[in-house]
Amino acid sequence: MADGAIVFQQVRRALAVAKKDIRIYYAKGPVVIFGILFPVFLFLAFVIGRNLTIDFMMPGLLGMVVFFTATAISPVVAPWETQARTLERLMSCPVSISTIILGDILASFAFGVLISLVTVLAGLGMGATIHQPLVFAAGLILAAFCFSALGLIFSAAPTSMPSTVMMLSAMVKFPVVFVSGVFIPLSDLPAWGRAIAFVSPLTYFTDLARHSLQASGHLPVGIDLAALVAFSILFLVLAMKLHQRTMPRRI
Amino acid sequence: MNDAAIEARNLTKRYDGLVAVDGISFVVNGGEFFGFLGPNGAGKTTTVRMLTGIIQPDGGDALLMGRPAGGIGAKQLSGIVPEMANAYIDLSGWDNLMLMAELYGVSLREARRRAGSWLQALGLPQRKDSLVKGYSKGMKQRLILCMALISDPELLFLDEPTSGLDVQSARLIKDLLRSLNESGKTIFLTTHDMDEADELCDRVAIINQGRLVAIDAPEKLRTATSSLRSVEVSFGGAVPLETLEKLPGVSSAKKLGDKYRLYTASPGDLVTSLVNHCRSCGLNIVSLSTLTPSLEDAFVALTEKGDGNG
Ligand SMILES: Nc1ncnc2c1ncn2[C@@H]1O[C@H](COP(=O)(O)OP(=O)(O)OP(=O)(O)O)[C@@H](O)[C@H]1O
Ligand SMILES: [Mg+2]
């Protein structure tokens, strides 16, 4: 078979993996709790009692929602399948490990995009406006993909305990939220705060969202998009490499 | 140009210090029903996992129908029933089958047709739409077999497919395997059930401590163990074991319940001397039969040899 045909075939099979993940893991309680309720409550705790405009709140809320929802499913799939002993069956199918990983990323990505869209619609209903819809859409899609791939890095250690992986990923996710300009815009951060912020991929999405919703980003839009692309590629390659090494050890 | 369905060359797998599979080589011919036997921990599952590409060998390699084992091409040709695998319990039996079909690139129409007929053949059609969570062990195992068959594979790997099943379920699976083999599929079957292997397989390989100790037709393995031919006898009264051991031609004797088993190289002569002995001391024989060694006897003899540390 030609290379192109193989790529096409494996992408189709990755979609089948994603479909399976969506049907099974979207219905798991912890996934929903960590993915949806958490960012919402955390955000409410931040905004309640303060006199903030919807335009100011939306970018931060969206940043948190897309970050938490896109990382909700991807980390738990591998340990869950290890525990349920479905992984060996999956690995014996004519799909590469990269295909399985891509499928898991896509399922988590779709969850992130879906819940973020709901949030955006709610924001629009409350009077928010989007200035650059295309840039915003591109940023949202890139960010959901990027965070979903990041989620898979959390599950690279060959454990069969979904709870261990969820704890580990929470330990990384919380600090990331606090350094990414979610609560305080980049421009208002001290220089050292900004230096830390630039390490976090979430910073670039939040900044992009401020461009689109507040018309007041800190970095040029092109830089935000480029950074999200770069982080996506980095996380994708890293997730595939790590799982290629550890997945056979889960059996 | 290559008639071998499976060609393993020096396959080796180590698990921190322990050599689980120690450089085994064998060829399975196209259309053959091949049994893979060995005691617990001998390396059977490890071998199957290397052949099916779930783990990478540390040494050696294998070809499935001429394609490198573990590659997409080889996996596409194989149907697999792993030893301890489950179907997705949160999906229905039908959805598990459709997922497999998608992963093997089977068209939806063909997948539906095959799923319907395999479910029928394995007695699952009424439960196809309920979640696998509610299936019994035997139903799950039959579903997993259906999942392996959905791609109509040329080559089937089954790792203990009937272990823990009741007689009917095991029978159903065995009959199905036999008819699949008759329709031209190559079957690689791992089992602990010697009667099953004897009944189904054209050839069996016996593996012990990661090494192949024999590979031949079950019939030949049995006759090769001819020192294990025996006569089984029961008497109307008590007979001391020592008397029986002293009969001419008896290599050893043991008491099994109310019967005695006497091992000998020539059962015919032994029967004559037994009858003479009983006549001379007025004993009456309740039952008498000669036994050729079973595959199990051959298996025990082969796997005890060279098994120094038990
Ligand atoms: N993932 C693993 N990690 C460490 N050791 C392993 C692993 N898998 C198998 N082994 C070891 O390799 C050896 C062979 O195991 P394997 O599962 O292949 O045996 P088997 O012949 O299938 O046994 P059984 O009849 O019990 O299924 C055993 O000693 C086992 O402990
Ligand atoms: Mg085994």
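1. A word on confidence to begin with: pLDDT is the predictor's confidence in each residue, on a scale from 0 to 100. For chain B its mean is 91, and 97% of the residues in that chain reach 70 or more. The complex as a whole gets an ipTM of 0.91 and a pTM of 0.88 from the predictor. Where pLDDT is low, predicted coordinates should not be read in detail.

2. Some ground rules. This is a predicted model, in which local features need pLDDT of at least 70 and side-chain atom pairs count only at pLDDT 80 or more, while totals for chains, interfaces and linings use all residues. Residues are numbered from 1 along each chain as its sequence is written, chains are lettered from A and ligands numbered from 1 in the order in which they are written, and side-chain values use heavy atoms, with hydrogens and water left out.

3. Chain B has a domain 1 (4-221) and a domain 2 (230-291), with bounds that come from an automatic or database domain assignment. Taken over C-alpha atoms, the centres of these two domains of chain B are 44 Å apart.

4. Helices (H or I, at least four residues) and strands (E, at least two) are DSSP runs, numbered from the N terminus.

5. How accessible are these two residues? B:Thr45 is buried at 13% relative accessible area, whereas B:Glu83, at 31%, is partly exposed. Buried means under 20%, exposed over 50%, and partly exposed in between (1.4 Å probe, protein chains only).

6. Now for the interface. Contacts (heavy atoms within 4.5 Å) involve 25 residues of chain B and 26 residues of chain A. The two chains bury about 2,500 Å² between them, 60% of it on carbon and sulfur atoms. Buried area is the accessible area (1.4 Å probe) that two parts lose on being put together, summed over both. On the chain B side, B:Ile54, B:Tyr88 and B:Leu103 lose the most area to chain A, together 28% of what that side buries.

7. A:Gln10 sits in helix α1 (residues 3-25) of chain A and is buried, at 10%. Leaving out residues up to four places away in sequence, A:Gln10 touches A:Pro94, A:Val95, A:Ser96, A:Thr99 and, from the other chain, B:Ile72. A polar atom of the A:Gln10 side chain lies 3.3 Å from the backbone oxygen of A:Pro94.

8. B:Ser234 belongs to strand β11 (residues 230-235) of chain B and is buried, at 6%. Its side chain makes a polar contact of 2.9 Å with that of B:Ser287. Such a contact is a pair of N or O atoms within 3.5 Å; within protein, one must be able to donate a hydrogen and the other to accept it, and residues adjacent in sequence count only if both atoms are side-chain atoms.
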